[in-house]
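Here are my notes on this one, point by point. Have the model open while you read.

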Amino acid sequence: MAATKYDAVVVGAGAGGGVIAWTLAQAGKTVLLLERGRGLTFQSTGRDHLRNQRLSLYGHNAGPDETHPRTVADREGKLRVVQPWQWGYCNNASGVGSGTTVYGAQAWRFHPLDFKMASTYGVPEGSSLADWPIGYDELAPFYRLVENELGVAADASQMTHLPPYDAPYPMPPMTLSKSGHVLRRAAAGLGWDTLSVPLAINTVPRDGRDACIHCQHCVGFMCPVDAKNGTQNTYIPRALATGNCTLLTGAMVTRINRDAEGKHATGITYHSLNTGEEHTVDAQIVVISGGAVETARLLLLSGLGGEHIGRHLQGHYYPMATGLLEEDIWDGIGPGVTTATCRWNHGNDGIVGGGMLADDFIPLPLSFWKGYTPPDLPRWGLEAKQWMQKNHRRTIRVMGPTQDIPSPNGRVTLDPNVRDAYGVPVASLSGTTHPETVRTAAFMFTRAQEWLKAAGVVQMWGGSPGLILSGGQHQAGTARMGDDPALSVTDRNCRVHGMDNLYLGDGSVHVTNGGFNPFLTVMALARRTGQHIVSQW
Amino acid sequence: MLNETQTANLKAFAARIVPDDDGTPGALVAGADMHIRALLARDLAPDVPAYRVFLDALGTDFAALPPGRQDAVLQGMELSAEHGTMFRRMAEHVQEGFYISPAAWRLIGWEVTG
């Protein structure tokens, strides 16, 4: 079939892909935005407590399905096949908007030192800790743009851990819950600064959509009133409205095509779930935004990326401290994450990095039973039920993303044997994060417990992970940026080294992944990359 | 999937995993045993043979025993090398069936608004 030609083809309609597609389309470029999943709605994704993107016991609600397996290596290197809803897969939703349809929407900027981890802390032996080639100052204008274009609710005057920025956020912070009040009082007693968690959720009606109704589901589910802002209800419809962007769903890209010399991408080939056939698309610019795992996989499939592609896979480590108060504090005011401290992100004596700590989203009853109960509670019988009845509304949690110290061995490769339903080798995940991450997360767990103690808990439990592969929904690092092509996959404008027109638009380019939820940084980088592409045209 | 005795044993098992002895809703009101039977027909199909083995091991008179005796049998199963792992797995399935029910939500005070 003859190839069709666009100014740009963007692969993956998620956080980064949606932003780049709009940035190019509104500058007058013709864009084909390809997405292997489908459009997602509240009706189609539902509220199944057993099958959602947060608790995926027997499946999930926003894809992908069993036609997209991966393999995961155990400590001995033995590989096992995993389905997208199973532990170890490192999944993100598959559909228009991807994870931004169902996320908790915590819209954090990275800290200036997050871009300078090696200069600040040195490089722990065996780690691949490194500085970004760009810094906070270069990204700040793009954080600003995304906060307004996407719609973020926060208070800039509270961001005292960042260089001051005085232009207001478009919406005020989210309503405080009782547990938020409890944690603020406790922090004040400790002398810790706290702030409202920035959220990409409408706290007032905006963009033709309602404000949040404070339901009890949020993270892992789509919003019943479309108040949660993702690329599916902002950047992507706006891109389509320009008339320059075509969105094609059910399109699984299997190859980046190059000219004879190999330094210029001519376009891509995709398998259509609509026609069952392969199609080729030619474009002047190719942008890959499949997420850290799938983007690495596609580059590997296409023979691209050099020795660093797929390596330095990062996510976040989550220490979790849970405690029992003597009074009920549950008030059902969702989303639930209201109050954070950034006091421990950096400057921790003898510790590499750190992380943010905050309260948690309102847990589902089943999530609470599985994840919030003390380790010595019987798992059946009357005592178990009565503990839940008495204490569900008295339990408080502190947790937060601890910054990964990356290892080059935490990586994505192509599986030598297993193929997906389209005959394409699947991604294989292996290795672990660097042991310093475990140390930092243990330090953060102690801080979390300090906070709970100050809040008046009468009992505490919890912990932080041992040495595992870090990735998950915050996946990043597999195509790191850098000025030196020997040490990186893309340049400082997210252009793949050695290629004149191939760009990456997702978290794969993150050199390190900050001590914060990463999506705002993914979007700000994509916004900057899109603008750079336009300026070079 | 399960024969008559196995079905009765599953119901009795569930009733002790989340009992209603204190007058508040338990697994049966929540339909946890029916939830498990539905899962055994699809998502938990690979577990069916192991379920049958465990439910048969409870004995043909398990469902008719008084609750205290049933608990003693279950405690024995839980501690046994042969059945301990399957006990914990099945108990967790009952808890899943319980905590996805509105009866459980009302019990623990997880109020749904919107």
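1. Two strands count as paired if DSSP finds at least two bridges between them.

2. A word on where this comes from. This is a predicted model, where local features need pLDDT of at least 70 and side-chain atom pairs count only at pLDDT 80 or more, while totals for chains, interfaces and linings use all residues. Residues are numbered from 1 along each chain as its sequence is written, chains are lettered from A and ligands numbered from 1 in the order in which they are written, and side-chain values use heavy atoms, with hydrogens and water left out.

3. Now the sheet. In chain A, four strands make an open sheet with mixed pairing, and the order is S4-S3-S15-S14. At the edges sit S4 (79-82) and S14 (411-419) of chain A, each pairing on one side only. On average, neighbouring strands here are turned by 35° against each other, direction ignored; axes are lines fitted to C-alpha atoms, for helices over the stretch in contact, and angles run from 0 to 180 degrees between N-to-C directions.

4. Which strand pairs with S4(A) in the antiparallel sense? That's S3 (residues 70-73) of chain A, over four bridges. If you want a pair to click on, Thr71(A) has Val81(A) in S4(A) as its bridge partner.

5. Take a look at helix H7 (residues 291-301) of chain A too. H7 lies across S3, S14 and S15 (425-430) of chain A, and runs at about 65° to S14(A). Contact here means heavy atoms within 4.5 Å.

6. There are cis peptide bonds to check. One goes from Gly63(A) to Pro64(A), with omega near -5°; Pro64(A) is in the loop between H2 (42-45) and S3 of chain A. Another runs from Gly334(A) to Pro335(A), with omega near 0°, and Pro335(A) belongs to the loop between S10 (320-324) and S11 (339-341) of chain A.

7. Cys90(A) isn't a glycine, yet its phi is positive, near 70°. Ser98(A) lies in the loop between S4 and H3 of chain A, and has a positive phi of about 45° although it is no glycine.

8. Are those residues buried or exposed? Cys90(A) counts as buried because its relative accessibility is 11%, and Ser98(A) counts as buried at 16%. The cut-offs: buried is under 20% relative accessible area, exposed over 50%, partly exposed in between (1.4 Å probe, protein chains only).

Notes: Helix = DSSP H or I, 4+ residues; strand = E, 2+ residues; numbered from the N terminus.
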